[in-house]
Structure formats: structure tokens, C-alpha cells
Amino acid sequence: MEARGGSSLRRVLVLAFCVAGIWSAYIYQGVLQETLSTKRFGADGKRFEQLAFLNLVQSVVCLIWSYIMIKIWSTGSGGAPWWSYWSPGITNTIGPAMGIEALKYISYPAQVLAKSSKMIPVMFMGCLVYGVSYSVPEYLCTFLVAGGVSTFALLKTSSKTINKLAHPNAPIGYGLCFLNLAFDGFTNATQDSLTARYPKTSAWDIMLGMNLWGTIYNLIYMFGWPHGIGYEAIEFCKQHPEAAWDILLYCLCGAVGQNFIFLTISRFGSLANTTITTTRKFVSIVVSSVLSGNPLSAKQWGCVAMVFSGLSYQIYLKWRKLQKLQKKRKPM
């Protein structure tokens, strides 16, 4: 009994550790992302316009990090070859860049809400392309999320929030977010096919392959010609060292967060990870509203509640489906 109790306590402590790690890494990364997209740096009051540069630095940091982890923890080979990631590497380079660029046009809470509606393009493509049928509760989840995001987009944003944006333009901002989701969908599908083809592929192998190609593509895009944005970003960081420090912290948060996500999935499964990351997004919106000066109206908070009600119900449906599968697998 004591051994079982000690094991349960350890499991709870590890879960609490994972929750604290994911929340602290990604909430702080969100604060830094919002700072870099809205703050005016230095005496000249310049904005950091080269937001896509964050993806290059993030790719380099995660590439180095995953290489070190493979050297420390890898037990053998047999994973997907490095060159097989060239295709998802393209969409994984373009998609996140669009998501970050959206912060020039819409507020951080709006971006988080829009990017939380990943289920919408998945179900849409599933119905139209693959003929997948979904249950009524699944459609209800999608309705809640889609309704919440679209209503939030139509409601008037406070002048205080608009004044902080570089180029306020809601249609462009939301358009970039939904293109980001579309590219992410292709990336995830391709990663799934690679792990199915090469079952010994570890999370670190995927992280290394994706970030290797992400680094290559971003280097070509940003430094492939004399006036690429990479040169402008480096010059900006030289003139404003505090921006360079924020960029480094942003990327380290991403790398640390990935570690906690991999640990959560390996110990508790993808459903636990989805629950933690979904609640993290809600907390990020609260932090942005309270600390970063992005006030939301009562109606906008209603939209936020609507979206996260849909996401929470989706998590419950997944949990219930998992419970049924586990009961079927139990020997009679």
C-alpha cells in the first residue's frame, strides 16, 4: 500500500512539475512575444519590425538543444532520416512566421484565441476531402470555438490596445492566423506519416530534423540577398541590446517548454498535454489583459469563455473516448 501511495505521490508531483514548467515557459514567452511586437525600444522609439527573425533564432536554439538531448539520451538509430523533413520544414517555417507577423495587426489575446481554433480547419478538411463524419458534440465544440473567435473579431477593440499595434488591421491579422493553422495542419500530418513510416523516430529526432530545415530556409530567406530582413534585425539588436536579450529569452523559453511537453506526453499522454496547454492559453490571455494593458470588454470576456468552453468540452470528449477504449482492452 505504501509503495503504491508513494508511486501515486511521485506521479502527482511530476505532473505538477510539468504543469509549472509548461505554464511558466510559455506564459513568459507570450509576454516576451507581445513585448517585442508592441514595445518601442531606445531613445529613438523604434519598433522591432522583423518579427519573423524570432523564428530563425528559435530554430537555431532548438536545433542545438535537440542535438545535445539526442547525444545525452538517444539509445540508438532507426529514426526518420534528416532529409525527410524538408517538406514539413517548409510549412513549419512559413506557418509560425505568419502567426508572429499577425501581432502587428491584432492584439495578443486575439491571436491566441484565433490560434486556438485549430479544430475548425481539421474538421472542415476532414468533411470535404476525406468524407469523415463527426458527432453532434464535436460539431457543438466547433460551433462554440468558431462563434467565440468570430464574435471577438467583430467586437470593437479598445483604443489603448489599438495604439500599441504597429499596423492595426483585423482582417489581415486574423487571415495570417488562419493561414498559420492551415500550414500547421500540413506540418502535423506530415510528421505523423514520418513517425508511422519510421516507428523508432523520437521527439528529439523530429525536433532536430524540423529545426535543421527551419534554420536552412530562414537563413536563405533572411540573408540570401543584400537587403534581407536578417541584416536589419541584427542591426536593430546592435542598436538596442535589450531587444536582443528579449529575443534570446524568448527562444530559451520555447526550448525549455518543448522539454516539458515531451516529458508530459511520455509520462501522461497527449490528452494531459492538451489540457495543460489549453489552460495555459487562457492564463496567457488573462496575463496579457492584466499585466500588458490589453483591456477586454465584458462581451470579449464572454467570447473568451465561449472558446474555452468549446475546447474544454472537446478535451472531455477525448477523455471519455479514451476511457471507453481502455475498458474494451481490459481482459474479460
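The protein has 13 helices and 2 strands; helices (H or I, at least four residues) and strands (E, at least two) are DSSP runs, numbered from the N terminus. The model is predicted, so local features need pLDDT of at least 70 and side-chain atom pairs count only at pLDDT 80 or more, while totals for chains, interfaces and linings use all residues. Residues are numbered from 1 along each chain as its sequence is written, and side-chain values use heavy atoms, with hydrogens and water left out.

**The whole chain**

Begin with the entire protein in view. Its C-alpha atoms fill a box of roughly 75 × 50 × 50 Å, taken along the principal axes. The radius of gyration is 21 Å, which agrees with the value near 20 Å that a compact globule of 332 residues would have. That radius is taken over C-alpha atoms, and the globule rule is 2.2 Å times the number of residues to the power 0.38.

Next, display the surface. The accessible surface comes to about 17,800 Å², and 67% of it belongs to carbon and sulfur atoms; accessible areas come from the Shrake-Rupley method with a 1.4 Å probe, and for residues only the protein chains shown count as cover. Of the 332 residues, 43% count as buried. Buried means under 20% relative accessible area, exposed over 50%, and partly exposed in between (1.4 Å probe, protein chains only).

Contacts (heavy atoms within 4.5 Å) can be considered by separation in sequence. Among those with a separation of 6 or more, 84% are between residues 24 or more positions apart.

**First selection: Phe41, Phe48 and Phe236**

Select Phe41, Phe48 and Phe236, which form one aromatic cluster. Rings of Phe, Tyr and Trp (its six-membered ring) pair if their centres lie within 6.5 Å; planes under 30 degrees apart count as stacked, over 60 as edge-to-face and the rest as tilted. By this rule the count comes to 11 aromatic pairs. In one of them, the ring centres of Phe41 and Phe236 are 5.8 Å apart and the planes stand at 85°, so the pair is edge-to-face. Phe41 belongs to strand β1 (residues 40-41) and Phe236 to helix α10 (residues 229-239), so the pair ties together parts that are 195 residues apart in sequence. Phe41 and Phe236 are both buried.

Now select Phe223 and Tyr231. Their ring centres are 5.0 Å apart with planes at 85°, so this pair is also edge-to-face. Phe223 counts as partly exposed, at 23% relative accessibility, and Tyr231 is partly exposed at 40%.

A search of the whole structure finds 3 salt bridges, each being a side-chain nitrogen of Lys or Arg within 4 Å of a carboxyl oxygen of Asp or Glu. Select Lys39 and Glu242, whose closest N and O atoms are 2.9 Å apart in a salt bridge. Lys39 lies in the loop between α1 (2-38) and β1, and Glu242 in helix α11, so the bridge ties together parts that are 203 residues apart in sequence. Lys39 is partly exposed at 31%, and Glu242 is partly exposed at 38%.

Move to Lys104, which forms a salt bridge with Glu49, the closest N and O atoms being 3.7 Å apart. Lys104 is in the loop between α3 (86-101) and α4 (108-115), and Glu49 is in the loop between β2 (46-47) and α2, so this pair ties together parts that are 55 residues apart in sequence. Lys104 counts as buried at 10% relative accessibility, whereas Glu49 is partly exposed at 29%. Lys104 also forms a salt bridge with Glu101, with the closest N and O atoms 2.9 Å apart. Glu101 is buried, as is Lys104. Shared partners join Glu49, Glu101 and Lys104 into one network of salt bridges.

Select Val256 in helix α11 (residues 241-268). Val256 is partly exposed, with a relative accessible area of 30%. Leaving aside neighbours within four places in sequence, Val256 is in contact with Ala25 and Trp65.

Finish with Val60, Ile64, Tyr67, Ile68, Ile72 and Trp73, which make a nonpolar surface patch of about 620 Å². Patches are made of residues with over 30% relative accessible area and no salt bridge: like charges are joined within 9 Å, nonpolar side chains (Val, Leu, Ile, Met, Phe, Trp, Tyr) within 5 Å. Tyr67 is placed in helix α2 (residues 53-73) and is partly exposed, with a relative accessible area of 46%.
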